[in-house]
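Here is a friendly tour of a two-chain model, written to be read with the structure open beside you. Shall we start where the chains meet?

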Amino acid sequence: MRFLERTFSALRYHRAAYLAEFVASLLLCAVSILMLTVRAQGLDMRQNFGDRLAQFTPSAVTKAGQLIGGVQRAYSQLDSQLLWAWGLLIGATALVSFLFALLFARRRRQESLAYLMVGKSTGAILAQYLLESLIVAGAGFLAVWLLCLLFGANAAGWLSQLTRAGFSDQLQGTLATGTISRDLTTLMHSHVTTFSGPGLLVPNQAPGARPALALSGEGWTLIAIVGAVAFGQAGAWLLHLGRLRWHLRRSQP
Amino acid sequence: MPLFHNRAAKAFQAQLHQLFSPADLYFIYQPDQATLQTTTRTYSQQFLANGARKALGLIDETDAGIIPYLSVQANLLINGQTQSFALIPAALRRDLVFLDQPARDLTPAQSLYVQLFRGLFAGRQFLLMADFPQSMTLQEKRLFMDTATTAVRQTNTSLLVLTTDTNLVAAHPATSWWAAPDLQPTAAAQ
């Protein structure tokens with residue numbers, strides 16, 4: 001109980017710094033969820049493309065091989081780029097957390113010294129400081145999750161357009177416009193479908209039950225962002241506390 | 001090695017009890033502040049080196065170890081509570097406003113009391129105090145010493161006061177040293 005009392009007292013005392021961390025966590029969680037939603041939409045579109053492609057005969061598919069290969073490469077590249085970008089975001093989160101904690105450590109130097117002088121272990125002090133940050137990061141995530149509940153459907157619609165645009169850019173980087181039109185015309189002439197040519201390449205979401213949350217990746221965002229904050233800050237605090245402990249022990253008789 | 005450490009630690013504790021028994025206030029004269037700081041560091045290091053870290057509590061005006069955002073009461077109990085809260089004088093114990101306030105604005109004298117009782121509640125056997133704050137009047141020092149004497153005798157703790165004040169040392173000849181005793185036991189004693 002005293003540990004929790006110290007934690008919440010510290011949160012109140014350093015509220016300005018933690019408010020900044022809350023806002024940063026909120027933004028990072030939001031960007032993460034947006035990225036993962038675009039990725040999930042891309043994967044959905046790729047799956048639906050595969051399902052619609054199955055309606056065509058093998059010979060028609062073979063004739064449009066260049067187009068189909070290009071589409072699959074475009075989806076693959078889009079997915080890969082999003083994963084890399086998301087990975088960079090998580091890495092940046094850990095780095096920003098590390099730097100934030102280093103700066104914060106200077107402000108909390110006297111406090112850390114006081115804890116060490118009354119005999120608190122490095123582990124106990126670190127646990128308190130990390131718990132403070134994790135509470136704030138968790139609160140940032142919760143705020144984003146609530147926003148997703150309220151505005152997720154609208155955001156998902158806007159993101160869907162973004163995903164389509166991203167895919168189109170990838171495809172046009174892979175294939176010439178002429179090739180796309182030619183192969184698409186060949187395919188659409190070989191079979192009667194309920195969808196148009198563009199509807200094959202960038203299909204809408206398949207009918208069926210929609211999830212309660214229109215956005216994706218909340219679970220991965222929570223794990224990754226909170227994990228990055230914890231690791232980033234743990235490194236900085238260990239450095240700071242280790243230096244203080246060495247400073248306290250430095251004077252030899 | 002563990003056997004050697006254990007024997008050394010026991011010899012060290014025996015030396016301490018020989019020097020500072022029964023539980024009381026003990027005054028150790030220091031000629032100047034620099035020597036006082038050196039002796040404080042030396043004694044602290046000897047406690048650490050002999051595995052007696054948990055037996056020692058520090059009382060220092062400059063490095064008080066007080067957490068500013070915790071209440072006075074939380075600071076008192078930060079290392080646990082091995083004694084009844086009745087150990088604190090009634091006037092202080094009943095001042096709930098003072099106990100509940102954040103500890104960031106304590107006066108040097110108030111800080112001294114908090115550090116004293118923090119060490120006693122934590123069950124420290126020895127408290128090492130690096131002199132009285134300059135701002136404390138003679139009356140305040142006397143009040144602190146009376147309070148501390150009562151409390152340490154109750155808890156079987158010895159309070160070692162390093163001081164540059166010759167009057168304090170002269171006024172307590174039975175529990176004073178003009179030269180700082182060596183805490184390290186001799187090789188024969190080990």
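## Where chain A meets chain B

In this predicted model, 21 residues of chain A are in contact with 22 residues of chain B, contact meaning heavy atoms within 4.5 Å. About 1,800 Å² is buried between the two chains, and carbon and sulfur atoms give 61% of that area. Buried area here is the accessible area (1.4 Å probe) that two parts lose on being put together, summed over both.

On the chain A side, the elements that give two or more residues are helix H1 (2-13), helix H5 (109-117) and helix H9 (218-249). H1(A) gives the most, with six residues. Helices (H or I, at least four residues) and strands (E, at least two) are DSSP runs, numbered from the N terminus. The chain A residues that touch chain B divide into eight nonpolar, six polar and seven charged. In this grouping, Ala, Val, Leu, Ile, Met, Phe, Trp, Tyr, Cys and Pro are nonpolar, Asp, Glu, Lys and Arg are charged, and the others, Gly among them, are polar.

## Polar contacts and salt bridges

Five residue pairs are in polar contact across the interface, both residues at pLDDT 80 or more. A polar contact is a pair of N or O atoms within 3.5 Å; within protein, one must be able to donate a hydrogen and the other to accept it, and residues adjacent in sequence count only if both atoms are side-chain atoms.

The interface has zero salt bridges by the rule used, which asks for a side-chain nitrogen of Lys or Arg within 4 Å of a carboxyl oxygen of Asp or Glu. Over all chains the count comes to five. One salt bridge links Glu132(A) and Arg108(A), with the closest N and O atoms 2.7 Å apart. Glu132(A) lies in helix H6 (residues 122-174) of chain A and Arg108(A) in the loop between helix H4 (65-107) and H5 of that chain, so the pair ties together parts 24 residues apart in sequence.

## The sheet of chain B

Chain B has five strands in an open, parallel sheet, ordered E2-E3-E4-E1-E5; strands pair if DSSP finds at least two bridges between them. Strand E2 (56-59) and strand E5 (176-177) of chain B are at the edges with a single partner strand each, so one side of each has no neighbour in the sheet. Five bridges join E1(B) (residues 25-29) to E4(B) (residues 158-163), and Leu25(B) stands opposite Leu159(B).

## Two backbone details

Ser21(B) and Pro22(B) are joined by a cis peptide bond, with omega about -5 degrees. Asp131(B) has a positive phi of about 70 degrees although it is not a glycine.

## Reading notes

Residues are numbered from 1 along each chain as its sequence is written, and chains are lettered from A and ligands numbered from 1 in the order in which they are written. Local features need pLDDT of at least 70, side-chain atom pairs count only at pLDDT 80 or more, and totals for chains, interfaces and linings use all residues, while side-chain values use heavy atoms, leaving out hydrogens and water.
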